Amino acid sequence: MARHFDKLETRSADKRAAALAEALPRQIAAAKALSGYAETLAEVDPGKIVDAAALAALPVLRKSELGAKQSAVVPLGGFAARPAHGFDNIFQSPGPLYEPGMVSAPDWWRLGRFLHAAGIGKGDIVQNCFGYHLTPAGAMFESGARAVGAAVLPAGTGQTELQVRAAADVGTTAYAGTPDFLKVILERADELGVELRIARAAVSGGALFPSLRQAYADRGITCLQCYATADLGNVAYESEAMEGMIVDEGVIVEIVTPGTGDPVGPGEVGEILVTSLNPDYPLIRFATGDMSAWLPGESPCGRTNARIKGWMGRADQTTKVKGMFVRPEQVAALVARHSHVHKARVIVTREDEMDKLHVQIEAEGGDWTEYAEDVHDLLKLRGSVEVLAPGDLPKDGVVIEDRRTYD
């Protein structure tokens, strides 16, 4: 396998800046022509937006704005360069929020670059354990696997015993999915006395804790992670150097003070903004809500683009659990469903290398069984439920408490 995916990864700073000076004005002009940007980019001269410094003068686009403009008349809110029927897929993420996708276009989400960096390519069979139902992660990683010449077993989520049997029967050599689920598959294989051939793992959708990465390494599995979203595709990825995440060649990343568009200083933690160079879906200064910081210097692997330190939490209380976002508005909906419920708090912890969800409900009546199905219905996750008396929850405004540590 070639050391690098393409020549873009090893460009000099001058060549990368020159390419950006051509691509960015073109992308701003394309976005300005779309109805979603009619107000925010109306006075912008695309020819003057030639680098990240100039980009910083433009307004920030937030998910809430994206969702507010989506409707039955304009499903993608006027932010896409094609009509909804012009894409291969339309996906739905929690919110709901709708995102386009193209499986017929080569590596539309740019995950091939990450899979190549993870050592996956021709001769590999990737067991793709990302979801294929409504959300795009399954399609994103399948498209990336095709870009590197690997075969795909579209396994999806759950059904652990069937996952083990399939992996053994077809000779799966690589895993794609959330960091936790591979552990579940491996432990079930141990229980069944089945030997698997998985040697590489490409994970996303949750934090890869150092202890979990080491547990995989102890089994002879090299596990690398990427930072990707349904809206943007690949944003940054690890290489074999495992020193931070290298920014993808198809996006421009900024790190700003949360709630603003102002760049942070070197080494400071801030919110990640991403401008996509995808002509089909030109998101400009899109606020991800995720936190990170710049990592100085270049990666020892020879890739020359800027690096971020990785995922360092959320700018708001929205939290990712088992690959799914849990948002404050979902907790509010849980409270609103019952007239005798006053407040609720979601607590996320980490036990035995697995995310755990615990929901505290402050109510005048009822027991945990009354609310368990509501939790699953509204949060899309199973969790333990505890009912507290009115006034027992702290008056601190916290509705989602993440007690996990990321050291």
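Predicted model: local features only at pLDDT ≥ 70, side-chain atom pairs only at ≥ 80, totals over all residues.
H7 itself covers residues 179–192. Its buried residues are Pro179, Asp180, Phe181, Leu182, Lys183, Ile185, Leu186 and Ala189. In general, an α-helix has 3.6 residues a turn, so residues three or four places apart point the same way.

What do the buried residues of H7 pack against? Two of the partners are helices, H6 (160–170) and H8 (210–218). The others are strands: S5 (174–177), S6 (200–203), S17 (341–351) and S18 (354–363).

## Where the two domains meet

The protein splits into domain 1, residues 13–314, and domain 2, residues 319–402. Going by their C-alpha centres, domain 1 and domain 2 sit 28 Å apart. Contact between them involves 12 residues of domain 1 and 12 residues of domain 2.

How many salt bridges does the rule find across the interface of domain 1 and domain 2? It finds two. There are also five residue pairs in polar contact across this interface, with both residues at pLDDT 80 or more. On the side of domain 1 that touches domain 2, H7 and H8 each supply at least two residues. H7 gives the largest share of that side, three residues. Sorted by class, the side of domain 1 that touches domain 2 has four nonpolar, four polar and four charged residues.

Asp180, one of the buried residues of H7, also takes part in a salt bridge: its side chain meets that of Arg350, with 2.8 Å from N to O.

## Backbone spots to look at

Leu134 is in the loop between strand S3 (125–128) and helix H5 (137–147), while Glu353 is in the loop between S17 and S18. Is Glu353 buried or exposed? Glu353 counts as buried because its relative accessible area is 17%, and the cut-off for buried is under 20%. Leu134 has 44% relative accessibility, so this residue is classed as partly exposed.

There is a cis peptide bond too, running from Gly95 to Pro96, with omega near -5 degrees. Pro96 belongs to the loop between strand S1 (89–93) and strand S2 (97–101).

## The loop around Ala42

Where does Ala42 lie? Look in the loop between helix H1 (13–32) and helix H2 (52–55). With a relative accessible area of 36%, Ala42 is partly exposed.

Leaving out residues up to four places away in sequence, Ala42 touches Lys32 and Tyr37. Ala42 and Lys32 are 10 residues apart along the chain, and their C-alpha atoms are 6.8 Å apart in space.

Methods. Residues numbered from 1 in each chain as written. Heavy atoms only, no water. Helix = DSSP H or I, 4+ residues; strand = E, 2+ residues; numbered from the N terminus. Buried < 20%, exposed > 50% of the residue type's maximum accessible area, 1.4 Å probe, protein only. Contact = heavy atoms within 4.5 Å. Domains from an automatic or database assignment. Salt bridge = Lys/Arg side-chain N within 4 Å of Asp/Glu carboxyl O. Polar contact = N/O pair within 3.5 Å; in protein donor to acceptor, adjacent residues only side chain to side chain. Nonpolar A, V, L, I, M, F, W, Y, C, P; charged D, E, K, R; others polar.
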